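Biologist: Could we go through this one together, starting with the charged pairs and then moving on to whatever else stands out?
Modeller: Gladly; let me put it up.

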Amino acid sequence: MEHEAGPTSRHAAGLFAPVATHRPGDGHALLAPVLVLNASYEPINVCAARRALVLVLKGVAMTEEENGHFLHSARVAMRLPSVIRLLEYRRIPHQSRALSRKNILLRDRNTCQYCGTVLPSSELTLDHVIPRSRGGSSTWENLVACCHPCNRRKGNQFPAEAGMKLMREPRAFNLHTSRHIMRLMGRSDDKWRKYLFY
Ligand SMILES: [Zn+2]
């Protein structure tokens, strides 16, 4: 999905920008998360309502559930979606999830990957398995959740040099992990449940 985000988002912003100015409430509603299903009903992504609406207007997706809000333009009122479904099946590359601190902590379930301690996000840091100073990159495969004591102990060393061992090999986000995130986000939205817990 990510490859589309650029042009579509810009287009959406241009299309609806004047509306939000005189209807302040709509601005927030346009940012509400929408669950995106593949044509097969498999959940594949979460996007903002504004982008979801553009996908529906372009005929790429159809609304499966509405969120109860309307987008008012000069001539029409459109119902904002809560769940949309792509009309054509798309193969989703597993590595397309955004690389971020939050997503890495989610992948590692807030567990230090060296000592196994489970901590709140605020008490965890990200460790480059191969240190940056030695050519390690910031990728899914080279970043892990790490507690501060382990991070200090490891310093600029490879795990083996510090006598440390990873609990498991860090991997790119897989579909299972994405679903976990979508479940967390969808917890408050009853309309998402039947699609997420199938
Ligand atoms: Zn640790």
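Biologist: Which side chain does Arg 85 meet in a salt bridge?
Modeller: Bear in mind that this is a predicted model. In it, the side chain of Arg 85 meets that of Glu 64 in a salt bridge, with 2.7 Å from N to O.

Biologist: Where do Arg 85 and Glu 64 sit in the chain?
Modeller: Arg 85 belongs to strand S4 and Glu 64 to strand S3, 21 residues apart, and the pair therefore links distant parts of the chain.

Biologist: And is Arg 85 buried or exposed?
Modeller: Arg 85 counts as buried because its relative accessibility is 14%, which falls under the 20% cut-off.

Biologist: How many salt bridges does the structure hold?
Modeller: The structure holds 6 salt bridges. Among them is one where the side chains of Asp 108 and Arg 107 meet at 3.0 Å, N to O, and both of these residues are buried. Arg 107 and Asp 108 are also linked with Arg 168 in a network of salt bridges.

Biologist: Switching to the sheet, what is the order of the strands?
Modeller: The order is S2-S1-S4-S3, in an open sheet of 4 strands with mixed pairing. Strand S2 (43-48) and strand S3 (61-72) stand at the edges, and since each has a single partner strand, one side of each is left without a neighbour in the sheet. From one strand to the next, the twist averages 35°.

Biologist: In which sense do S1 and S2 pair?
Modeller: Strand S1, which covers residues 33-37, pairs with S2 in the antiparallel sense over 5 bridges. Within that pairing, Leu 35 stands opposite Val 46 in S2.

Biologist: Which strands does helix H3 lie across?
Modeller: Helix H3, residues 49-57, lies across S1, S2, S3 and strand S4 (77-86), and runs at about 85° to S4.

Biologist: How many disulfides are there?
Modeller: The count comes to 0 disulfides. As for individual cysteines, Cys 47 is buried with a relative accessible area of 9%, whereas Cys 115 is partly exposed at 40%.

Biologist: One more thing, the backbone: what is the phi of Arg 109?
Modeller: Arg 109 has a positive phi of about 50° although it is not a glycine. That deserves a second look because most residues other than glycine have a negative phi. Arg 109 is found in the loop between helix H4 (101-107) and strand S5 (124-128), and at 46% relative accessibility it counts as partly exposed.

Biologist: And where is Asn 110?
Modeller: Asn 110 is placed in the loop between H4 and S5, and its phi is also positive, near 50°, in a residue other than glycine. At 18% relative accessibility, Asn 110 counts as buried.

Technical notes: Residues are numbered from 1 along each chain as its sequence is written. This is a predicted model: local features need pLDDT of at least 70, side-chain atom pairs count only at pLDDT 80 or more; totals for chains, interfaces and linings use all residues. Side-chain values use heavy atoms; hydrogens and water are left out. Two strands pair if DSSP finds at least two bridges between them. Helices (H or I, at least four residues) and strands (E, at least two) are DSSP runs, numbered from the N terminus. Axes are lines fitted to C-alpha atoms, for helices over the stretch in contact, and angles run from 0 to 180 degrees between N-to-C directions. Contact means heavy atoms within 4.5 Å. A salt bridge is a side-chain nitrogen of Lys or Arg within 4 Å of a carboxyl oxygen of Asp or Glu. Buried means under 20% relative accessible area, exposed over 50%, partly exposed in between (1.4 Å probe, protein chains only). A disulfide is a pair of cysteine sulfur atoms within 2.5 Å.
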